[in-house]
Amino acid sequence: MHNNLTAFFLGGLNAARKTDGREPLRVEDLAAMEAQRDVKARTRSEDSARVRADHLASVPRYDLDDGRHGQAQRLLGRLANGAEGGKGSLVHIVPEDANLGLCGATYGAARSVGWSNELPDAATCPRCLSRLARMGGHLLPPAV
Ligand SMILES: [Zn+2]
């Protein structure tokens with residue numbers, strides 16, 4: 001990162017520091033700051049992976065009675081027009097090996113941006129629930 005852009009950036013930074021009465025930074029200081037920032041970013045992504053794993057462990061789960069399991073999932077609405085409310089009102093049952101709810105609900109450009117990461121309640125979609133009943137599946141007790 002010893003290039004003109006760094007020198008330019010450092011120059012701007014040090015002009016501001018001089019006004020504040022602080023010591024000017026050297027290129028080495030900048031590199032150290034960057035390394036610190038990398039560590040922080042790494043820690044953040046590990047944290048979010050952990051949160052995601054905890055989330056997945058506490059999502060209501062279904063035995064689909066055909067060797068598969070499903071999870072309660074809420075569809076996100078289209079972020080483009082902020083109409084998340086309507087689409088998000090139903091909780092579907094989504095087989096763990098699929099992106100399609102038992103009722104056929106899924107996401108796509110025209111419909112929804114994806115399944116929500118928020119912790120859903122047990123399924124409320126009547127079509128998913130009647131399909132589950134026909135399959136002979138059931139809601140599993142929560143994992144402890
Ligand atoms: Zn459904």
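Tyrosine 62 has glycine 70 in E2 as its bridge partner, with strands taken as DSSP E runs of at least two residues and helices as H or I runs of at least four, both numbered from the N terminus. That bridge belongs to the pairing of E1 with E2, which is antiparallel over three bridges; strands count as paired once DSSP finds at least two bridges between them. The E1–E2 hairpin has five residues between its strands, and aspartate 65 there takes a positive phi near 60°.

Some bookkeeping before going further. The model is a predicted one, in which local features need pLDDT of at least 70 and side-chain atom pairs count only at pLDDT 80 or more, while totals for chains, interfaces and linings use all residues. Residue numbers start from 1 along each chain as its sequence is written.

As for confidence, pLDDT (the predictor's own score for each residue, from 0 to 100) averages 79 over the protein, and 78% of the residues reach 70 or more. A contact here puts two C-beta atoms, placed from the backbone, within 7 Å. Where pLDDT is low, predicted coordinates should not be read in detail.

Overall, the protein has four helices and five strands, laid out from the N terminus as α-α-β-β-α-β-β-α-β. Of the contacts between residues at least 6 apart in sequence, 60% link residues at least 24 apart.

Back to the strands: E2 also pairs with E3, running antiparallel through five bridges, and in that pairing arginine 74 has valine 91 of E3 as its bridge partner. E2 pairs with strand E4 (residues 114-115) as well, again in the antiparallel sense, over two bridges. Leucine 75 stands opposite tryptophan 115 of E4.

Burial is judged by counting other C-beta atoms (placed from the backbone) within 10 Å of a residue's own: 20 or more is buried, 12 or fewer is exposed, and anything in between is partly exposed. On that scale, 15% of the 144 residues are buried. Setting aside neighbours within four places in sequence, isoleucine 93 is in contact with Tyr62, Gly70, Ala72, Gly101, Leu102, Ala123, Cys128 and Leu132.

What does H4 bury? Its buried residues are Cys128, Leu129 and Leu132. Down the axis of H4 these fall within an arc of 95°, so they line one face of the helix, the arc being that of the directions from the helix axis to the C-beta atoms. They pack against strand E1 (61-63) and E3. The face turned away from the buried side carries the exposed residues Pro126, Ser130, Ala133 and Arg134. After H4 comes glycine 136, with a positive phi near 85°.

At the other end of the chain, alanine 7 sits in helix H1 (residues 4-19). Alanine 7 counts as exposed because it has 12 C-beta neighbours inside 10 Å. From alanine 7 to arginine 26 is 19 residues in sequence and 9.6 Å in space, C-alpha to C-alpha.
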